[in-house]
Amino acid sequence: ILAYQPDPELMQYYRNTLVNFGLMKFLKDFVPERITKIDLCRLVLNLGYPKESISNQRFLTTKQVAGILVSLILNDPQVNQSQSYSDFAAYHHPTSDYTIPKLLSDLTSAKKIMVISGAGISTSLGIPDFRSFKGLYAQLEHLNLKDPQKVFDMGAFQKDPSIFYSIAHLVLPPEGRFSMLHSFIKLLQDKGKLLRNYTQNIDNLESRVGIHPDKLIQCHGSFGSASCLTCSNRFAGHKIFEHIRHQHVPRCSTCWKTIQEAVIIHGVIKPDITFFGEDLPKKFYRLLEPDCQTCDLVIVVGTSLKVEPVSSIIDKIPRSVPRVLINKDPIPDRDFDLSLIGLCDDVVCHLTRELGASWDIPHPNFVPSTEFTVTPHELYSKSYNIVKKET
Ligand code: CNA
């Protein structure tokens, strides 16, 4: 947003309205209830206020940016300050007293749920995530990389694909299995409630559980297919699984035959996963904006929300839409209405048990009689620990 160039015509129009009609008229006309954080930032810039006033917007909530906008206007010498100003911030934060019972009721009534998922939904299957204590990055210490993310860097891959192929087996999906959380997303789809699943995962288990391609955005691609970097031929992903398991670099037979002294990258097949330095699938950009405007509940699950642009999706969603985090670790610097802290399979098991038999998750590990303890989080507000009771 900080690269955004204000539009001079819009600036003139906004300032005229503000100066001639005052703050309340301006807010009523240009700050609808479903405004997003990004739109608020643009508004600040299009009013001619300095970029510095929102330079740390990444760490601010929508409500805080709204507060900045209002305070800039209230301190603007050109604006007539005599009008009264009602509780604008509260108006833009209707979900401030969100609770677990409210979430249960929203799950029943919602029709367009957006699920933003990450590596944590597959860890119960033995696939490590990236950033946890025993995650993949911790397991890469032996490679002595300055930054473990380099393993997934396109530049590094082109220099030496064998580094990626020495660790790719660690994130290869297990045969024929998916987690209870995958089945929960499928349940939302079967109930006609899933607007879209934006997954950062590359294990393709959403497809395996039966999430329809129309309902799924694999933001970082997946192991479901692979392509030759030289001739762009596409292969079914499983064709290179044996190579991956044996830590061999797979090569395209067509290209490999045509060259005597091959350069290191010639004919190398790469899984169609998005490396750092590569663009996200077009479908992501095509559907994101409309989805953000239409969703009626957001569930963020099993992700540290560290990787852009997925981590900013929630900033594009109107603040009036409830947003819930289900994660092993809290994410206190992001603005959630409710954080359910625990193993995601346990959390959805608890929620669906509360919702009754019609919400039984179709997964072999789902035991409706399992009991859970729910306690307020010791450090963070609007956060609850959900833990399976010992039997
Ligand atoms: P991350 O940064 O490693 O974060 C994972 C998050 O999940 C952490 O906050 C954990 O606390 C949480 N978590 C771990 N286990 C559980 C659990 N059982 N229940 C609830 N929460 C849990 O990973 P992100 O997904 O945020 O980062 C995005 C990267 C990870 C994407 O580029 C992926 O491609 C990449 N990745 C994918 C896979 C996979 O496809 N399974 C595996 C490893 C990494």
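The lining of the second largest pocket draws at least three residues from each of domain 2 (94-126 + 178-220 + 281-390) and domain 3 (128-173 + 222-273), with domain bounds that come from an automatic or database domain assignment. A pocket is defined on a 1 Å grid over the protein atoms alone, as an open set of points with protein on both sides within 12 Å along at least five of seven lines, and lining residues have an atom within 4 Å of a point. This is a predicted model, in which local features need pLDDT of at least 70 and side-chain atom pairs count only at pLDDT 80 or more, while totals for chains, interfaces and linings use all residues. Residues are numbered from 1 along each chain as its sequence is written, and side-chain values use heavy atoms, with hydrogens and water left out.

The volume of the second largest pocket is about 310 Å³, a volume being the space filled by probe spheres set on the grid points, which are joined across faces, edges and corners. Of its 17 lining residues, Gly221, Arg234, Asp272, Ile273 and Thr274 lie nearest the centre. Strand 4 (221-228) gives the largest share of this lining, 5 residues; strands are DSSP runs (E, at least two residues), numbered from the N terminus.

The domain assignment also includes domain 1 (8-79). The centres of domain 1 and domain 3, taken over C-alpha atoms, are separated by 46 Å. Where does the largest cavity lie? It lies between domain 1 and domain 2, because both give residues to its lining. A cavity is a set of grid points where a 1.4 Å probe fits but cannot get out. The largest cavity holds about 60 Å³ of space, and its lining includes Lys37, Arg58, Asp333 and Arg334. By class, this lining has 3 nonpolar, 2 polar and 7 charged residues; Asp, Glu, Lys and Arg count as charged, Ala, Val, Leu, Ile, Met, Phe, Trp, Tyr, Cys and Pro as nonpolar, and the others, Gly among them, as polar.

A backbone N or O atom of Ile202 lies 2.7 Å from an oxygen atom of the ligand, and a polar side-chain atom of Asn327 lies 3.0 Å from a ligand oxygen atom.

Note on methods:
Polar contact = N/O pair within 3.5 Å; in protein donor to acceptor, adjacent residues only side chain to side chain. Helix = DSSP H or I, 4+ residues; strand = E, 2+ residues; numbered from the N terminus.
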